[in-house]
Each structure stands twice: as C-alpha cells, then as structure tokens.
Amino acid sequence: MTNDVVVLVDAQDVQIGVCDKRVAHLGAGQLHRAFSVYLIDSTGRHLLQCRAAGKMLWPGFWSNACCSHPAPGETITDAASRRLREELGISASCRFLYSFEYYARFGSIGAEHELCHVLVAQSDAVVSPATEEVCETKWLTRAEISAQLSESEAQFTPWFRMEWRRLLSEHPSFDTPTLQE
C-alpha cells in the first residue's frame, strides 16, 4: 500500500479530500489525519526513534516509536500496525488512547497540521528500523524520557512533547506492561 497521499479532514475528523503528502506539509500545511504510536516493552520501557536525516520536517529529532498517516479508506489501527511493520519491523496490535488537533511550523519549510490519533502497542521483539525513516532508536523508561524532555537543548518533535504531557496527565497507566484498562 502506498502512502503518497494524506486524508484531508475537518476539525471533527470527517474526510474532505486527499492531497499529496508533501504538498499537505508545505507552507502553512493542511489539516490531515495522522497517528502516533507509543511502543512499550514488557518492562514498561518506551521505544524512541530519531527521525532520519532525509525527513522534510524535523530531521534528526527524537520522537515516539512511529508516526504516520493512514491511506484513504484505511483504519487508524490498521495503518498504525502497518507502519510499525514497515518502519520498525515489529508486528503488534495497537490500542487507541485519544485524538487531538495540533499545528507546528518547521521554519520556512513547512508545517504539521494534524488531527492526530494516539495509540499504544506492546512488543519485546527486536527492532529493525527502516533507515529512510529512522536513524537511531533507544528504549527509555518514563522517568528517563521526562528528564530528557525537561532539558532545554533536547531535540524532540513538537507532537511528541504535546502527547507526552497529555499521556502522563490524562492516561497515567498507558504504559503498564499489560496495556489493559
């Protein structure tokens, strides 16, 4: 399945069209559907990825395990599981946590304007990152991530920072090893 297009949506996540992925991120950006996956191992550690140097927006920045866009007609959970396989070589089921809209500019290059669905998955499998997407990975505890995010020079994606704060405040048990609510 190709993912050269994104699904344009309104603020209620109703599809209003499709657009070339690159075009949707240029300039001020266009509101589109996206997702972020938090991958957690059985000890409660989180996988973080450093975005590949070839990424148009936020290259070399650290973020959660996997972020992407569903293809037209693809469910969020199916797309999230697909991208875990494509980006990290991991097969895992994803569980929805919440959605939010955000906007973040990356200099004069472009912007993310997304209706982002946040999911969590669990796996102890060995990660095999796709080098065009990911340049480095690391497993960190909740405390280690929070400490790194508090450092002023830390380079993390804006959506990861927003999501992490909300996960800790509104979903405090999201990273329990059983992932059950």
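Predicted model: local features only at pLDDT ≥ 70, side-chain atom pairs only at ≥ 80, totals over all residues.
Residues are numbered from 1 along each chain as its sequence is written, and side-chain values use heavy atoms, leaving out hydrogens and water.

Now colour by secondary structure. The chain has 4 helices and 9 strands; these are DSSP runs (helices H or I, at least four residues; strands E, at least two), numbered from the N terminus.

Next, select residues 76-88, helix α2. Its 13 residues reach 17 Å from first C-alpha to last, close to the 18 Å expected at 1.5 Å a residue (1.5 Å times one less than the number of residues). Among its buried residues are I76, L84 and E87. Show β3 (32-40), β4 (46-51) and β6 (66-68) as well: they are among the strands that the buried residues of α2 pack against, with contact meaning heavy atoms within 4.5 Å. After α2 comes G89, with a positive phi near 70 degrees.

Finally, select Q49, R51, K55, S63, N64, C66, C67, E87 and E133, which line the largest cavity. On a 1 Å grid over the protein atoms alone, a cavity is a set of points where a 1.4 Å probe fits but cannot get out, and lining residues have an atom within 4 Å of a point. The elements giving two or more residues to this lining are β4, β5 (62-64) and β6.

Conventions:
Buried < 20%, exposed > 50% of the residue type's maximum accessible area, 1.4 Å probe, protein only. 1 Å grid on protein atoms, 1.4 Å probe; cavity = no way out; pocket = protein on both sides within 12 Å on 5 of 7 lines; lining within 4 Å.
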